[in-house]
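This briefing covers how two protein chains are arranged and how they meet.

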Protein chains: 2
Amino acid sequence: MNKHIAVINGDGIGPEVTAQSVRVLNAIAEQFGHEFTYTYCLMGADAIDKTGNPLPDETVEGCLNADAILFGAIGHPKYDNDPTAKVRPEQGLLKLRKSLQLFANIRPVSTYAALEHLSPLKAKQLENVDFVIYRELTGGIYFGEKKVAEDYSEASDLCVYTKTEIERISHLAFKAAQQRRKKLTLVDKANVLESSRLWRKVVQEIAPQYSDVVVDFLFVDNAAMQIILNPKQFDVVLTENMFGDIISDEASVISGSLGLLPSASVGAATALFEPIHGSYPQAAGKDIANPTGSILSAAMMLDHFGLHKEAEVVRAGVNWALANGFVTKDIDPVNYYFTSTIGELISDFVHNRVATDV
Amino acid sequence: MNKHIAVINGDGIGPEVTAQSVRVLNAIAEQFGHEFTYTYCLMGADAIDKTGNPLPDETVEGCLNADAILFGAIGHPKYDNDPTAKVRPEQGLLKLRKSLQLFANIRPVSTYAALEHLSPLKAKQLENVDFVIYRELTGGIYFGEKKVAEDYSEASDLCVYTKTEIERISHLAFKAAQQRRKKLTLVDKANVLESSRLWRKVVQEIAPQYSDVVVDFLFVDNAAMQIILNPKQFDVVLTENMFGDIISDEASVISGSLGLLPSASVGAATALFEPIHGSYPQAAGKDIANPTGSILSAAMMLDHFGLHKEAEVVRAGVNWALANGFVTKDIDPVNYYFTSTIGELISDFVHNRVATDV
Ligand SMILES: [Mg+2]
Ligand SMILES: [Mg+2]
């Protein structure tokens, strides 16, 4: 298979973690006889420094012409601490999401025995946790009409959803459930909100098209409890933008490390794959960042290409590294390996594993 | 001090847990030389059965004439399972909240060493957790204008806040912080929502009136993480209605048992005190329900009367019972005590403790 990938290193630790993903992707390509080519594009503080623009036109074009986008991280303190800055790194990502109409943010949540000591939850809660959150990303109250009275006596935000917006992400979530344990949980507040009642109605209407998927419904306040009490009950969680923001961040802490968590954003055009962690500028250039979130994002990209076996091999490599103590400083501050070493070890695993299998 | 208390037993386990609170209040009255009188009022399924109305006029009147309301729980399965039911028990509570303009819901969250085994969080996370959430209860998106298109192509909910609504609960929260560890955390989403920016503005304007209180701000998605990762950082948490619904339910699970958690709802007229647990109809009449949530609600009522020493004695009684294994079946299914025994033991503690002190 030939695939063309737009690579956006971005800021901070973005370049170093992304480099390890490319290395792993190259190992996959070599072992499975695929050809992956890469176009490097600028975005964020890096792009501002080089072009004055956080999202140059060539980046949008490069992304639209690619089969997928691998993205590192965005943000730099020199912009955060300057309230007068007219251009900000984050604008690049927001504009790119808009250009690509990335309406679904997909976040898998899994736990690893090797990270139990880092999780705030007890081991009992962490067993067999393996779910994925489908968060609507372009609608709802974050994008609805905003008003504030001139005298600041009142302010409002409107939460709007159209049937079309709900349908398109619901189909993605149902299809994902079919590939997984065949359970979909809609998180809403349908006992109170009209927009939530529309979500529930649309999901109920679509459900018969996916008759092998069991659908259930959970109010968002209850979901916030269940994610801590019994996270293994979930398979695919579908929800609107703001609820997804809250519960996906809540869910991200249960694995014990943000450094491991991948994500995908899918829309009308090219899909984008990125670790959920930020640019972590303090660690930049030190070869100590955890490349696992990026490498698992690359695995999600392989799944997106339909290369499920390849994705599984990458995930097996990550599991193998974790289980054998090949981890970065954030996981084990005493016996740790460098970013590049982890990338090399997982690439080697891919080569060896596939060579042994064949 | 003479105080007149309206008691609403309500449904399910409501009567039995409330009876233990009254017993403890009577012990306090006797030991400290107060006079507490009680008017019993009907609400919920109990009121429907007896009068056809989930909130009879006499109940509203009784509550308005009282110094405080002690409430048990509401809800009965015979109404839950009957979608044709025109009157529902829960309507009683919603109407009462409205009649009393209860705009602030107050929920303390603390952890107990004796319950560590029941918490989903590790012991490390549970140490020194002691905070209280002030949730706005009558504004925001739950009460804003709701619309749905006739063809169900679109639906919306409006989140509105006025400065006045924000100010009145903020003053309560600041005053609470002054009585505690002098820290107030506003949870909002001011990076995205106009209504949140108004919350932040109003809180910043009020802050100088409480110069001994340190104020900080947390986005709600981050708050959902911090409640699990590091709950001891919080003292008073102030937030709008929906964020409060989500984070107070999330926070309620960290102690290990919903049966222990009290709450208060405060407004323009009489304040209401109730355990956060529901009517738990399966346990009704068996003398096995946990009365601690109700007893700690009675302690909040004593604080509300300005009887802080008395409230402390009640809390000390609850701590003593927990620490000595005097717990109900929900906490220890093997060696457990009856609801009425716990109430009796805590009353005895009040008598003995105060007698020893004097
Ligand atoms: Mg977030
Ligand atoms: Mg709730």
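The model is a predicted one.

**Extent of the interface**

- Contacts between the chains involve 48 residues of chain A and 48 residues of chain B.
- About 4300 Å² is buried between chain A and chain B, and carbon and sulfur atoms account for 69% of that area.
- Polar contacts across the interface of chain A and chain B link 18 residue pairs, with both residues at pLDDT 80 or more.
- On the side of chain A that touches chain B, at least two residues each come from helix H6 (123-126), strand E6 (146-148), strand E7 (154-162), helix H8 (194-206), helix H9 (220-229) and helix H10 (241-252) of chain A.
- E7(A) gives the largest share of that side, with nine residues.
- By residue class, the side of chain A that touches chain B has 24 nonpolar, eight polar and 16 charged residues.

**Strand pairing between the chains**

- E7(A) and strand E7 (residues 154-162) of chain B run antiparallel and are joined by nine bridges.
- Ala155(A) has Tyr161(B), in E7(B), as its bridge partner.
- Cys159(A) is placed opposite Asp157(B), also in E7(B).

**Strand pairing within chain B**

- E7(B) also pairs with strand E6 (residues 146-148) of chain B, in the antiparallel sense and over three bridges.
- In this pairing, Val148(B) lies opposite Ala155(B) of E7(B).
- The hairpin of E6(B) and E7(B) has five residues between the strands, and Tyr152(B) in this hairpin takes a positive phi near 55 degrees.

**Salt bridges**

- Side chains of opposite charge can pair when their charged atoms come close.
- Over all chains, the salt bridges number 36.
- Between chain A and chain B there are two salt bridges.
- Lys189(A) and Asp245(B) form a salt bridge through their side chains, at 2.8 Å from N to O.
- Within chain A, Asp130(A) and Arg181(A) form a salt bridge in which the closest N and O atoms are 3.8 Å apart.
- That pair links distant parts of the chain, 51 residues apart: Asp130(A) is in strand E5 (residues 130-136) of chain A, and Arg181(A) is in the loop between helix H7 (163-179) and strand E8 (183-188) of chain A.

Terms used. Residues numbered from 1 in each chain as written. Chains lettered and ligands numbered in written order. Predicted model: local features only at pLDDT ≥ 70, side-chain atom pairs only at ≥ 80, totals over all residues. Heavy atoms only, no water. Contact = heavy atoms within 4.5 Å. Buried area = accessible area lost by both parts, 1.4 Å probe. Salt bridge = Lys/Arg side-chain N within 4 Å of Asp/Glu carboxyl O. Polar contact = N/O pair within 3.5 Å; in protein donor to acceptor, adjacent residues only side chain to side chain. Helix = DSSP H or I, 4+ residues; strand = E, 2+ residues; numbered from the N terminus. Nonpolar A, V, L, I, M, F, W, Y, C, P; charged D, E, K, R; others polar. Pairing = 2+ DSSP bridges.
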